[in-house]
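Q: I have this chain open on my screen and would like to talk through a few spots in it. Could you walk me through what stands out?

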Amino acid sequence: MTDSEDDDTPQLSSHTLAALQEFYAEQKQHADPGGDDKYNIGIIEENWQLSQFWYSQETALRLAQEVIAAAGEGGRIACVSAPSVYQKLRELHREDFSIYIFEYDKRFAMYGEEFIFYDYNNPLDLPEKIAAHSFDIVIADPPYLSEECLRKTSETIKYLTKGKILLCTGAVMEEQAAQLLDVRMCKFIPEHTRNLANEFRCYVNYDSGLD
């Protein structure tokens, strides 16, 4: 190659090269997050087609603290369609609790044996290792604001829980939630990282710290 041909070869500026390297590093982080980073809320991006809307950091922390208190020492916690609460629980390094994430989105399979594939359309299609009434508390956030979705998710909740239920869903679902799960609305109002058109609320069937 002559000097003139060499001069014609496109060269990236140092700024562009640095930006590219940062981009590839971020992509690698999303593809294979390591250590504590894999539990960061948002490490897996929301998929609106699956009606995914993550809780704010403050709300995820408050709900995580609530289920820890409700489960009791060494308790078992089921997070049904509530991945950001699962992530916050693990971020808190509470290894004294058994926690499972029941989720349709297989991207969350990165969490290994604690991931349970879950489709609310088949509410009791669960692996044998998940025994009936084996969780001290179930926190659930059904993906859709419909009677059908809540009814089917309620079957799962009632199968999993020993008794305690923390449901997060729209305020418009209050009557159906009471009928299906005998839960009441709390004063605490959950918030999401994005503003949603529908008002969201929490519902419980026990004396919680959310009032």
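**Backbone and burial**

A: Let me start with His93, which sits just after H4 and takes a positive phi of about 60 degrees. Please keep in mind throughout that this is a predicted model.

Q: Which other residues have a positive phi although they are not glycine?
A: Ser81 is one of them, with a phi of about 55 degrees, and His133 is another, at about 50 degrees. As a general point, most residues other than glycine have a negative phi.

Q: Where is Ser81 found, and is it buried or exposed?
A: Ser81 is found in the loop between E1 and H4, and because its relative accessible area is 17%, which is under the 20% cut-off, it counts as buried.

Q: And what about His133, where is its place and how does it count?
A: His133 lies in the loop between strand E3 (115-117) and E4, and with a relative accessible area of 48% it is partly exposed.

Q: Back to H4, then: how many of its residues are buried?
A: Eight of the nine residues in H4 are buried, so the helix is mostly covered. The buried ones are Pro83, Ser84, Val85, Tyr86, Gln87, Lys88, Leu89 and Arg90.

Q: What covers them?
A: The cover over the buried residues of H4 includes helix H3 (57-71), together with E1, E2 and E4.

Q: I am also curious about Arg94; where is it found, and what does it touch?
A: Arg94 is found in the loop between helix H4 (83-91) and E2, and, leaving aside residues up to four places away in sequence, it touches Ile68 and Leu89. Leu89 is itself among the buried residues of H4. As for Ile68, it is 26 residues from Arg94 along the chain, and their C-alpha atoms are separated by 8.8 Å.

Q: How accessible is Arg94?
A: Its relative accessibility is 28%, so Arg94 counts as partly exposed, a class that lies between the 20% and 50% cut-offs.

Q: Changing topic: which helix holds Ser154, and is that residue buried or exposed?
A: Ser154 is found in helix H5 (residues 147-160), and it is buried, with a relative accessible area of 1%. Not counting residues up to four places away in sequence, Ser154 touches Leu180 and Leu181.

Q: Which residues of H5 are buried, and what covers them?
A: In H5, the buried residues are Cys149, Leu150, Lys152, Thr153, Ser154, Thr156, Ile157 and Leu160. What covers them includes strand E1 (76-80), strand E2 (98-103), strand E4 (135-140), strand E5 (161-170) and helix H6 (174-181).

Q: How far does H5 reach from its first C-alpha to its last?
A: H5 has 14 residues and reaches 20 Å, which is close to the 20 Å expected at 1.5 Å a residue.

Key. Residues numbered from 1 in each chain as written. Predicted model: local features only at pLDDT ≥ 70, side-chain atom pairs only at ≥ 80, totals over all residues. Heavy atoms only, no water. Helix = DSSP H or I, 4+ residues; strand = E, 2+ residues; numbered from the N terminus. Buried < 20%, exposed > 50% of the residue type's maximum accessible area, 1.4 Å probe, protein only. Contact = heavy atoms within 4.5 Å. Expected span 1.5 Å × (residues − 1).
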